[in-house]
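Follow the aromatic rings through this structure. Look at how they pair and where they sit.

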Amino acid sequence: MINLSDRLLAMEESATIAMSRKSRELKAEGKDVISLSLGEPDFNTPDFIKAAAVEGMEQNYTKYTPVPGYDDLLQAICDKFKRDNGLSFEKNQIVVSTGAKQSIANVIMALINPGDEVVIPAPYWVSYVEIVKVAGGVPVIVSADIDADFKITGKQLEEHITSKTKLMMFSTPCNPTGSVYSKEELKDIADTLAKYPNIAAISDEIYEHINFVGKHESLAQFENVKDQVITINGVSKAWAMTGWRIGYIAAPVHIAAACTKVQGQFTSGTNSIAQRAAIAALKADVAVLDDMKAAFKGRRKLVLEALTAMPGVKVNEPEGAFYFFPDISSFFGKSYGNYTINTASDLSLYLLEEALVALVTGEAFGDPNCIRISYATSEEVLTEAMNRIANALEKLA
């Protein structure tokens, strides 16, 4: 047998993808599984965006594209940042990639040397730690619990900075918690980072338009850190374009150029037709998203009420994205039948097999006391899922 690389063997499989696979396997056996494991809106891509893709094909946008993206897409992204975030970027500061995940990977590969430390607030998105490890970096985890709405402070950040720190990375609105950093909270982070001008920051804002607290705030708005911040965004979540695979960065010029260099050797330019569709999304009035946001808000209320009513489940009210991240540690040590719950992973597997509801263990996101629930599905399905979860939890003693 040919041996696999050490970097591959050290990499964990994505827990969200793994749970999705397990739920599909059970469905294939004829079982009625409800999957609340993936971060994917259940809405369809708007028709005007699909029409832009068709137009792109008719206009023969079918050749290799410039590595950082079509010029008019780069301009549309600059315009979006100015309109929605009050941020000024030039086209040479933008790089379009095959999803925000590749955007993050490009930045990590461009910045991190073996042994460099990357500060990551937990809970975090599952791929952050694994991408850092592949680059030879050392993840340094800063934990925040449910009582702090899963958000860290500038003081906590500074306590984890060392001479080896090269980068910090976080998301707002956050996957997996739905937490949203306020302007004041971001300023606290910015004021800490400003003391260390050689440390960069990745601000992952892919859920920007799915927030229930008003205006989205970007870390890059603060003058004292704007040359340290790499902003990640894309069209996947708000515009229901997960399969189109379009993400992008806005960064200092030299970092954008470095990411273009990395991408040029791995994938080159992103899908041409998806880029034409993304232009239509980025130019659209975000008011188009109001109905979707209202639907998510209604679902959030439904799930919050259901979880609050479950004895032993500790839950906060998420301010964005479409996730709950309840603390279920009170069930550790309890049993039912052949099941004994000692970890969040045990509980996730129990709920999959006993309740036929697929969730994701919080261990994958850096918090072993929690599970992640996606509410990106209909209220009817969510009601059934919450009833199943409640019934299964009641059996544990």
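Phe322 is buried, because its relative accessibility is 0% and the cut-off for buried is under 20%. This is a predicted model. Tyr323 is buried too, with a relative accessible area of 0%.

Both residues belong to one aromatic cluster.

Now turn to pairs. The structure holds 16 aromatic pairs. One of them joins Phe81 and Phe89. The ring centres of Phe81 and Phe89 are 5.0 Å apart, and the planes meet at 65°. Planes over 60 degrees apart count as edge-to-face, so Phe81 and Phe89 form an edge-to-face pair.

Phe81 is buried, at 0% relative accessible area. Phe89 has 14% relative accessibility and so also counts as buried.

Go back to Phe322 and Tyr323. Their ring centres lie 5.0 Å apart. Here the planes stand at 50°, so the pair is tilted.

Charges come next. At Phe81, the ring that pairs with Phe89 also has the charged end of Lys80 over it. That end is 5.4 Å from the centre of the Phe81 ring. A second case involves Arg276 and Tyr61. The charged end of Arg276 sits over the Tyr61 ring, 3.9 Å from the ring centre.

How values were computed. Residues numbered from 1 in each chain as written. Predicted model: local features only at pLDDT ≥ 70, side-chain atom pairs only at ≥ 80, totals over all residues. Heavy atoms only, no water. Phe/Tyr/Trp six-rings, centres within 6.5 Å; stacked < 30°, edge-to-face > 60°. Buried < 20%, exposed > 50% of the residue type's maximum accessible area, 1.4 Å probe, protein only. Lys NZ or Arg CZ within 6 Å of the ring centre and 35° of its normal.
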